[in-house]
Amino acid sequence: LMNIAHEIRTPLTLIKGPIDDLIQRYSSSSNKDLVNDLHVVSRNSDKLSQLLDELLDFKKINSTGYELKLAEYNVNDLVQIVYDRFKLIAKSKDLNYRLSVPSEPISCKVDKIAMDKILNNLLANAMKYSASDVKLSLIKQQDSFMVILENDGAIVPLDSRERIFKPFERFVDTSSVETGTGIGLYVSRNFAELQNGTVEME
């Protein structure tokens, strides 16, 4: 399965590039149906790419291990980048999408790539299972920080809140048609724990 994931990544990248070029070329076109269709293809390509990344991250964590590359970053900026990435999705789903960050920058040693993957996975889940509202908050603590994601989706039962952090486990919301691999939360928690943090559901 992992070898297949590697093999799929290259042709997917070769598909994604021309699609983005076409979107840019026809962005001012009067043919709105064409532009909308290109955006649908691009979003689905991004989704497939994310699923492949999750599988490959899962392999790294459980075989060779993930080597952290820690450096000092402005965490406000890292959170802002991921928040901005989901603006179009929030707009397309007509969500009340909000961001709350401190006025003062939070500087902390983190692995930038792992941090991006954690935030991306958690925000994707918050979007996927929300009804109308998603809020992303960054809170400064004494010598660290906390990221809180809130939505108004179905409430996960208490006895399932720890189970969904196990690989290939998913909470099945009968009111939603969304699907996934069931490894995003597992990968996110592992990346957080490698940096002396954690991911929890309350």
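Which pattern does the protein follow when read along the sequence? The order is α-α-β-α-α-β-β-α-β-β-α, where helices (H or I, at least four residues) and strands (E, at least two) are DSSP runs numbered from the N terminus. The model is predicted: local features need pLDDT of at least 70 and side-chain atom pairs count only at pLDDT 80 or more, whereas totals for chains, interfaces and linings use all residues. Residues are numbered from 1 along each chain as its sequence is written, and side-chain values use heavy atoms, with hydrogens and water left out.

**Figure 1. Overview of the protein.** The protein contains 6 helices and 5 strands. Of its 202 residues, 36% are buried (under 20% relative accessible area; exposed means over 50%, and partly exposed in between, with a 1.4 Å probe and protein chains only). Among contacts (heavy atoms within 4.5 Å) between residues at least 6 apart in sequence, 68% join residues at least 24 apart. The protein exposes about 12,500 Å², and carbon and sulfur atoms supply 52% of this area; accessible areas come from the Shrake-Rupley method with a 1.4 Å probe, and for residues only the protein chains shown count as cover.

Figure 2. The buried residues of α6 are Gly-184, Leu-185, Tyr-186, Val-187, Ser-188, Arg-189, Asn-190, Phe-191 and Ala-192. Their cover includes α2 (32-62) and α5 (112-128). After α6 comes Asn-196, which has a positive phi near 60 degrees.

**Figure 3. Lys-117 and its contacts.** Lys-117 belongs to helix α5. Leaving aside residues up to four places away in sequence, Lys-117 touches Asp-53, Asp-57, Ser-188 and Phe-191. The C-alpha atoms of Lys-117 and Ser-188 are 7.0 Å apart in space, although the two residues are 71 residues apart in sequence.

**Figure 4. Leu-38 in helix α2.** Leu-38 lies in α2 and is buried, with a relative accessible area of 9%. With residues up to four places away in sequence not counted, Leu-38 touches Ile-19, Leu-22 and Ile-23. Ser-27 is 11 residues from Leu-38 in sequence, and the two are 10.0 Å apart from C-alpha to C-alpha.

**Figure 5. Strand β4 and its partners.** Strands pair if DSSP finds at least two bridges between them. Strand β4 (residues 133-140) pairs with strand β2 (residues 96-100) in the parallel sense over 5 bridges, and Leu-99 stands opposite Leu-136 in β4. Strand β5 (residues 145-151) runs antiparallel to β4, with 7 bridges joining the two. Val-134 faces Asn-151 of β5 as its opposite residue, and a hairpin of 4 residues joins β4 to β5.

**Figure 6. The second largest pocket.** This pocket has a volume of about 150 Å³. On a 1 Å grid over the protein atoms alone, a pocket is an open set of points with protein on both sides within 12 Å along at least five of seven lines, a 1.4 Å probe being used for fit, and lining residues have an atom within 4 Å of a point. Grid points are joined across faces, edges and corners, and the volume is the space filled by probe spheres set on the points. The lining consists of Lys-60, Gly-65, Tyr-66, Glu-67, Lys-69, Tyr-73, Asp-111, Lys-112 and Ile-113. By class, the lining has 3 nonpolar, 1 polar and 5 charged residues; Ala, Val, Leu, Ile, Met, Phe, Trp, Tyr, Cys and Pro count as nonpolar, Asp, Glu, Lys and Arg as charged, and the others, Gly among them, as polar.
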